[in-house]
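Visitor: Please show me the model, and let me ask about it piece by piece.

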Amino acid sequence: MSVKLGVIADDFTGATDIAGFLVDSGLSCIQLTKVPTEIDAKHSVDCVVVSLKSRSCDSALAVSESVSALRWLKKQGCEQFYFKYCSTFDSTERGNIGPVTDALLDELDEDFTVVCPALPVNGRTVFNGYLFVFQEILSDSGMSKHPINPMTESNLIKLMERQSAGKCGLIDYQTIENGPQSVVEKIEELKNQGNRYAVTDAFTVEHLQTISQATRSLKLLTGGSGLAPGIASHYASGTQDFASASLMGYPENAPTIVLSGSCSVMTNKQVGVYKQLVPSYELNIVDCLDNSDYVEIVTEWVKGNLDSTPLAPIVYATAQPEELKRIQDRYGMKESSEAVETFFQRLAERLSDIGIKNFIVAGGETSGAVTKGLGVNGFYIGPQIAPGVPWVKSIDGSISLALKSGNFGDEQFFKKAQDFWL
């Protein structure tokens with residue numbers, strides 16, 4: 001297998017995010033849920049996305065798994081590599097974005113890369129090095145109350161330098177608007193000044209196209225999924241059948257469940273809207289921690305409500321920040337989060353046993369847990385439900401999933417995901 005582009009994503013929803021944009025741009029793509037030992041030749045594709053669960057784990061583990069993925073991708077003959085993280089730069093002052101970037105640069109024997117989390121279509125923009133979520137600066141947005149990685153700093157240069165080993169510069173929007181050659185010259189200037197990374201301003205699609213053209217020669221790129229269409233254009237032959245690129249990942253009309261473990265602002269709204277339409281089950285996090293029979297209790301509830309409406313029922317652990325904080329104060333942040341993840345993993349396994357084939361999942365950690373519970377090792381990428389959220393289908397064709405990052409999609413997302421067969 002000869003792969004043109006190798007992507008290392010720090011969570012499952014981030015992986016499907018960038019994979020969806022690549023497929024929409026006409027490239028064949030497969031997403032893997034772990035670093036494999038091999039891929040059968042029948043899965044030969046233009047790009048491979050390896051989805052890790054490294055966003056919030058120990059920094060040393062994130063580095064180790066990311067380097068392992070890079071080494072495997074190098075063996076597949078990749079021409080370029082991409083480290084994909086969240087468009088809201090989810091991390092802490094200790095990492096993991098900076099340490100992983102450093103390790104990947106070292107492994108490739110490269111001395112420079114860009115930091116480009118912008119995704120304007122979803123309201124993530126960078127201006128003068130500051131990250132915005134729609135009209136709000138990152139530290140004033142709902143991300144400031146994220147239960148795992150609260151984002152209280154909006155200056156990406158400061159964030160990068162606090163968690164990495166090198167110096168970070170800025171490629172400002174004026175430079176970008178002067179065209180690709182201007183960006184190339186700025187990169188050389190920043191490298192000569194001792195910078196190892198450069199944050200790129202970007203608040204339009206045109207900015208991203210210019211950046212992707214100017215960085216074509218860089219071995220490693222880092223950022224959100226906004227650069228994906230531009231990167232894909234480098235490898236497109238001009239003969240791609242864009243309509244057929246997503247067919248192998250297209251979902252079918254089959255028993256479906258919605259599972260939500262995200263506490264993001266948008267997911268709270270999505271759950272609030274959707275549960276007015278369907279049977280809904282709000283998880284008791286205390287029972288997730290203490291009740292060994294809870295998975296069977298919830299499974300029986302799902303069985304009893306599968307056919308009550310044309311739309312799928314929802315099981316959710318979505319909580320308002322104040323309620324979540326009370327639970328975390330009582331049981332501990334790590335313990336309560338892990339309990340919910342473990343519950344969703346076990347629940348997904350049981351729901352598969354009773355015949356559910358389509359899983360609509362909100363939240364990066366929850367998506368990873370559900371995927372693990374289902375034993376899925378790889379996906380074909382299907383059509384996008386919303387920007388950055390495609391349907392995907394397991395390689396063996398038995399399971400379809402929609403893995404949604406917390407703040408992606410509009411308030412009707414859960415219903416829209418089922419419009420493909422309703």
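Visitor: Which residue in β8 stands opposite phenylalanine 132?

Guide: This is a predicted model: local features need pLDDT of at least 70, side-chain atom pairs count only at pLDDT 80 or more, and totals for chains, interfaces and linings use all residues. Residues are numbered from 1 along each chain as its sequence is written, and side-chain values use heavy atoms, with hydrogens and water left out. Strands are DSSP runs of E, at least two residues, and helices are runs of H or I, at least four, numbered from the N terminus. β7 covers residues 130-133 and pairs with β8 in the antiparallel sense over two bridges; the residue opposite phenylalanine 132 is isoleucine 137.

Visitor: Which strands are at the edges of this sheet?

Guide: Two strands pair if DSSP finds at least two bridges between them. The open sheet has three strands in the order β6-β7-β8, with antiparallel pairing. An edge strand here pairs on one side only, and these are β6 (124-127) and β8 (136-137).

Visitor: Is tyrosine 85 buried or exposed?

Guide: Buried means under 20% relative accessible area, exposed over 50%, and partly exposed in between (1.4 Å probe, protein chains only). Phenylalanine 83 has 2%, so phenylalanine 83 is buried. Tyrosine 85 has 0%, so tyrosine 85 counts as buried.

Visitor: Where is lysine 145, and is it buried or exposed?

Guide: Lysine 145 is in the loop between β8 and α4 (156-163). Its relative accessible area is 56%, so lysine 145 is exposed.

Visitor: What is the orientation of α1 to α8?

Guide: Axes are lines fitted to C-alpha atoms, for helices over the stretch in contact, with angles from 0 to 180 degrees between N-to-C directions. The axes of α1 (residues 12-24) and α8 (residues 228-235) come within 8 Å and cross at roughly 45°. Angles under 35 degrees are roughly parallel, over 145 roughly antiparallel, 65 to 115 roughly perpendicular, and the rest oblique. Therefore α1 to α8 is oblique.
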